[in-house]
Amino acid sequence: MSLEQIHQLLKSTPVEQISATSVIVVSSEDSLRRVFEILSVNNILSAPVYDLNAKKLLGVVELVDLLSFILKNLPASFLEKEKGGLYEESELNQNTLNLFLTTPIRDITLSSSPHKQVLAVEKTTSLWDVAKLFADGAKRIFVKHGHLLVSVVSESNLLQFVNSHASSFASISQKTVSSLQLIQPLPLVVSVEQKSFEVFTLLQQKDLNAAAVVDEDGKLLTNVSLRDIKGLRHQHFRFSFLHLPILELLEENRKHSDKARAPVFVVQPTDTYAHVLSRIQTLHVHQLYVKDEQGKPSGVVLSSSLIKLLLN
């Protein structure tokens with residue numbers, strides 16, 4: 001099967017034929033904490049917001065929106081202190097916690113940016129058109145039947161389909177990621193000593209889901225993602241948790257996980273497209289790091305880059 005035949009396969013396959021997950025919708029009247037719990041328990045980063053009174057979808061709320069609310073409402077002294085370890089909660093403005101418990105999600109202004117809108121396609125939409133939406137920066141795509149959202153499709157769902165046909169387009173799949181120029185510069189590298197709230201703020205500002213964490217010698221140590229914000233739930237929403245150095249926060253998170261530390265998935269420049277595609281799909285990650293001879297991160301291969309290549 002040539003690349004052109006892959007194009008035809010994507011164009012002839014409706015999105016309803018690939019594996020997808022059910023849609024979890026939050027109410028506009030749900031409190032910020034309630035929404036945080038829903039996202040965390042279901043291991044998702046975002047959900048559509050439905051206005052019960054207007055009977056319409058308002059947009060998409062993301063976990064990072066809740067973090068932004070927390071940081072904006074913490075006292076300035078919190079961000080300025082250099083003291084290590086967890087604070088006593090009395091040192092924080094109790095009003096922040098009260099707001100988090102009582103403010104409905106409708107009171108958060110949903111961004112007008114495209115990725116905050118409910119991007120939905122009909123279930124008969126081709127995978128080719130879905131792939132183009134991901135290539136243009138879509139984070140999630142909802143599938144609808146009439147006016148009803150029936151599922152949500154991710155890059156991982158699309159890549160699972162592509163991976164099942166990888167052996168059929170050897171003209172690309174057997175080439176190395178280096179020769180295909182799929183290795184990109186790292187968008188963000190953070191130190192193990194950086195405060196957690198600073199790291200999450202950088203992820204938010206740069207519109208990233210994850211970043212490499214390096215030790216004092218610049219060697220790749222672990223990975224931090226927006227999902228790690230969910231550790232607040234295990235800390236009973238003690239916002240002082242966010243003042244820990246990022247490595248300490250990750251270690252606290254792992255106490256509530258079966259993993260000792262967030263795994264760092266690495267590939268080699270000589271690895272083939274098929275190998276990287278398989279790893280990204282089976283590991284359910286969106287990026288794989290490349291290290292140099294000193295163990296320092298030198299680049300990253302993104303799942304979105306694998307999709308974009310197929311559209312050329």
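Guide: Strands here are DSSP runs of E with at least two residues, and helices are runs of H or I with at least four, both numbered from the N terminus. Two strands pair if DSSP finds at least two bridges between them. This is a predicted model, where local features need pLDDT of at least 70, side-chain atom pairs count only at pLDDT 80 or more, and totals for chains, interfaces and linings use all residues. Residues are numbered from 1 along each chain as its sequence is written, and side-chain values use heavy atoms, leaving out hydrogens and water.

The sheet is open, with 3 strands in the order β7-β8-β9 and mixed pairing. Its edge strands, β7 (189-191) and β9 (220-225), each pair on one side only. From one strand to the next, the twist averages 35°. Angles run from 0 to 180 degrees between N-to-C directions, and axes are lines fitted to C-alpha atoms, for helices over the stretch in contact.

β7 pairs with β8 (residues 210-214) in the parallel sense, over 3 bridges. Serine 191 faces valine 214 of β8. Helix α9 (residues 196-205) packs on the sheet and touches β7, β8 and β9; contact means heavy atoms within 4.5 Å. The direction of α9 makes about 65° with that of β9. Helix α11 (residues 246-254) also packs on the sheet, touching β7, β8 and β9, at about 70° to β9.

Now for a neighbour of α9. The axes of α3 (residues 63-73) and α9 come within 11 Å and cross at roughly 125°. Val64, Leu67, Ser68 and Leu71 of α3 meet Phe197, Phe200, Thr201 and Gln204 of α9.
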